Amino acid sequence: MEIWLNPACSKCRSAVEILDEEGARYTVRKYLEDPPSADDLRGVLARLGLEPWDITRTQEAEARELGLAEWERTDAARERWIAALAAHPRLIQRPIITADDGSALVGRSEEAVREAVARAGSGETSDG
């Protein structure tokens, strides 16, 4: 599994602690340093079963500067949202965990992180 995180985020640090407690195998993607491409975002959105506006941090200063609150939330506007997230990764909700079964979750709660571990198959040891 992979976790997209911002090390400065308390929810991200909590998610990593849970993954470590559960002995999960995972890789870390610091998405502010290694931003996802538009294709990466499309793939994660498909795995999440969500739209780009569903994983957008609309209260961030960058979101206000872009005027995201006024953007349409329609199929026609979907690519515009994806392009904005690719160009401004700080706007992506975090952490996002992609499980080995092909699913993904936004791991903002302990329950969601534990669900990701369950989907990956618990009991495996972490490589650190």
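## A guided tour of cores and salt bridges

Start by selecting Asp 39, which is exposed, with a relative accessible area of 56%. Keep in mind as you look around that this is a predicted model.

**Stop 1: along helix α2.** The side chains of Asp 39 and Arg 42 meet in a salt bridge, at 2.4 Å from N to O. Both residues sit in helix α2, and because they are 3 residues apart there, about one helical turn separates them. Arg 42 is partly exposed, its relative accessible area being 28%.

**Stop 2: from a loop to helix α4.** Select Arg 78 and Glu 51 next. Here too you will find a salt bridge between side chains, with 2.6 Å from N to O. Arg 78 belongs to helix α4, while Glu 51 is in the loop between α2 and α3 (61–66), so this pair ties together parts that lie 27 residues apart in sequence. Glu 51 has a relative accessible area of 24% and is partly exposed.

**Stop 3: helix α1 meets helix α5.** Move on to Arg 114 and Glu 21. They form a salt bridge whose closest N and O atoms are 3.4 Å apart. Arg 114 is in helix α5 (residues 110–120) and Glu 21 in helix α1 (residues 10–21), so the bridge ties together parts 93 residues apart in sequence.

In the whole model, the count of salt bridges comes to 11.

**Stop 4: the largest nonpolar core.** Time to look inside. Which residues have the most contacts within the largest nonpolar core? Select Ile 55, Ile 92 and Ile 96 to see them; the core has 20 residues. Helices α2 (38–48) and α4 (78–87) each supply at least two residues of this core.

Setting aside its neighbours within four places in sequence, Ile 92 is in contact with Tyr 31, Pro 36, Leu 41, Ile 55, Arg 57 and Leu 85.

Terms used:
Residues are numbered from 1 along each chain as its sequence is written. This is a predicted model: local features need pLDDT of at least 70, side-chain atom pairs count only at pLDDT 80 or more; totals for chains, interfaces and linings use all residues. Side-chain values use heavy atoms; hydrogens and water are left out. A nonpolar core is a set of buried Ala, Val, Leu, Ile, Met, Phe, Trp, Tyr and Cys residues joined through side-chain atoms within 4.5 Å. Buried means under 20% relative accessible area, exposed over 50%, partly exposed in between (1.4 Å probe, protein chains only). Helices (H or I, at least four residues) and strands (E, at least two) are DSSP runs, numbered from the N terminus. Contact means heavy atoms within 4.5 Å. A salt bridge is a side-chain nitrogen of Lys or Arg within 4 Å of a carboxyl oxygen of Asp or Glu.
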